[in-house]
Amino acid sequence: MNLSRIILCIVLFIDLLPVFSQKAVRSDFSEMLNCITLQEKIGLDNYFTGSFANMMDHGTWNYYMDGNPICKLDPTNDRKYVVEQSNDRETRFMIYHPFEGLYFMGDSISFCGRIKLEGEFGAYCSVTQGSERDSIELNSQGNWNTFRCTIPYSNDIYQKSVVISLDIYGSGKGSAEITDMNVFIDELPIDEVCSLPLANKDHEFDDGTPINLGNLSYEEVDRLALICKIWGFLKYYHPSIAQGEYDWNYQLFRIILATLHSDNNNFFNDLCRFIPSIAGLKKESNDLCNDSIISQIRMSWLEDSKKLGSKLQKKLFTIKQLERSGFNYAVGPYSPQNKERLICFRNETAYDNIPVSDDGYRILCLFRFWNMMYYFHPYMERKEDHWLSILPQYIRLFANARKLNDFDKACAMLACELKDTHTTFYGFKTNLYGFGEGIYDDGVLPIDVKLIGDELFITKFLTAEAVNMGLQIGDCITHVNGRSISTIRQEKDRYLQFANDNANQIPIVYTAFHGDSVTLNIKRHGIERVLFIRNWKQYARTFLDDRTAPMKLMEVGEGVFYINLSQITSLELKQKLDSIKDSKGIIFDMQGYPFDQNSAEVLADYLYPKPTCLFYYTYADLKHPGVFRKNPNMFYYGKQNPDYYKGKVVVLVGGGTMSKAEQLACIIGASPKGYVIGKGMMTGGVWGNTVVAPFTSGNATRYTNIGAYYLDGYCTYPNGVIINQAVPFSAKEGKDAGLGELIEYALSYIDAN
């Protein structure tokens, strides 16, 4: 095909994306395919808020345009689409539609339609799944042509996505008319095989709920906690709910309205009425295979017959033993082709249009997120008891969070209970980390501090005036305005997500205070002192600029080179490594985030004599929510390379080493000559990819979606990369290891070995 062309690429990804949809507005796939409606491209700024409502809306097509082709529905036939070019200008136009994931039984899938081409236009259509592909090119002019492409189909939820595409190309005047597009499964139209789920037809609570929680009693809180657990269990375990026969979010509203104020004698009967029938559903034929299970929640609450009642408990146990396909309306593979087997929460929206004043939606926000994490956080086994224990207090918190500021804080606190360093907030209106509004209060001294347990050691003055406050480097702050650091941490840590203390990048928050003055209790050389600092802003006028340009690479000893992976591209890295392959040693700095993620492949190819598996991931078993299995897709690093690097290799890590940086640190540290030196004994503890999970009223967060383990079973959460040697913090000197000291430790190791 001519590279200078107009491309009309109608691509149907039968796939999943890390975004959230409202209910589909299409009446059927056929109408969506032919009555093409373009949707404005959503930019990154709106990706995590407005996109929840429409990125996966079945009724519209996303598009990309470069140039000015005329693209429109035929005014005389709304099931025919026209693309026209009236000049010779090069241009491009692409429209595409992502589906939220389809599950159906079938042996083949076909894409067909009719097209008429004129002028300088040609067409190319195809259907692809994994290595299976069928395509056809059309060049005839002036006549209607039928196209049809067919391939074998796999309904394995972890198989590669199906891509159905139609390209119209040309560089001059011409036109294309497209009509009668359809998708067939085993010769049946897709609408007959994949009808619109009943859940999509439920619109009772689209604009809000009549739920009024008022001031909850202890009994009502206890009842809501039980409803939360049962509702979430049914959402992910009941086959009928999993198939989308109910909008289970809306069903929660009905359950609360019907049962919250039931008398004790009728509560369980009222609750059981909402459990769909299991008549005709099969029991799982085989017991749960334990061979590949790495972690699983105990679900001990199911054992409490006193709380559940014997009738309800028996019904829930029966449902747990039913056969499930792995397809679920509310959760599925992030993308069927991803080797990591990430999952995402499809058909879940952040309900941007619902105000925080709606009691029903706030409780849905809590119940939905709590259950998402309970069943699909890879390390929930380690925190299950805590996660269960906090539910009642959060029911009260969300029930009373009728103001925007309170709601944002409640969402943040809930997410931070996970202690997942990946946690980030999207759509929040409250600046939780802003002065005067969030956790910083409105005053903070111009100092840097190091957190050791429940003590803060001053390590640096940030302004020229700070030396006159009466503090000294090495002072240990024990109290702020009469409150111990331990007490302050209990308050502030509710809004901090760090998996461990070393990963905490903002310990200064524990010294924040209200007002113009502050009283500090400090220890200096073992002697306790009380220091009153009046008008702290007079000490925060002239900030010191001690920033130096970070070094990419340098020779730090005879035949020993330092390379900063946070500052160097993979191409620069490869060129430098090739030039020092006969050196005595290399010190890699991975205390930040890698500048170029392709550096992982460059490093592995250089440091390993053959492909080597270093760790494995775990993934959520969608047939058995709450179970995480060892991913059969093992990841190998390196290549056959007898000329691999033979010198000593050291990687420097610290609390800022997290996520992809931890993976690179492992690749370096586990190499034949590798060694890990840490500023402290822990890295970020969030080694694994993330996905986004919605709250409500436009809020969302992200979390670590898969578990990461060394081959010997060591879990990288919460402490991260295995560190061979830790450089200690000097409490006496108030000194944290700087780059120079870390390099000295690395040189000592290289010289000694």
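Strand E28 spans residues 615-620, and six of its six residues are buried, so the strand is largely enclosed by the rest of the structure. Buried here means under 20% relative accessible area. This is a predicted model. Both faces of E28 are covered. Phe615, Tyr617 and Tyr619 are buried on one side. Tyr616, Thr618 and Ala620 are buried on the other.

Now take the partners of E28. Strand E35, residues 707-710, pairs with E28 in the antiparallel sense over four bridges. Within that pairing, Tyr616 has Tyr709 of E35 as its bridge partner. Strand E29, residues 627-630, also pairs with E28 in the antiparallel sense, here over three bridges. Ala620 stands opposite Phe628 in E29. E28 and E29 form a hairpin, with six residues between the two strands. Gly626 lies in the turn and has a positive phi of about 100°.

Next comes an open sheet. Six strands form it, in the order E24-E25-E26-E31-E32-E36, and the pairing is mixed. E24 (553-557) and E36 (725-727) stand at the edges; each has a single partner strand, so one side of each is left without a neighbour in the sheet. From one strand to the next, the twist averages 25°.

Within this sheet, look at E26 and E31. E26 (residues 585-589) pairs with E31 (residues 648-653) in the parallel sense, over five bridges. Phe588 has Val651 in E31 as its bridge partner. Helix H18, residues 739-752, packs on the sheet. H18 touches E24, E25 (560-564), E26, E31, E32 (674-679) and E36. The direction of H18 makes about 155° with that of E31.

Definitions and conventions. Residues numbered from 1 in each chain as written. Predicted model: local features only at pLDDT ≥ 70, side-chain atom pairs only at ≥ 80, totals over all residues. Heavy atoms only, no water. Pairing = 2+ DSSP bridges. Axes fitted to C-alpha atoms, helices over the stretch in contact; angles between N-to-C directions. Contact = heavy atoms within 4.5 Å. Buried < 20%, exposed > 50% of the residue type's maximum accessible area, 1.4 Å probe, protein only.
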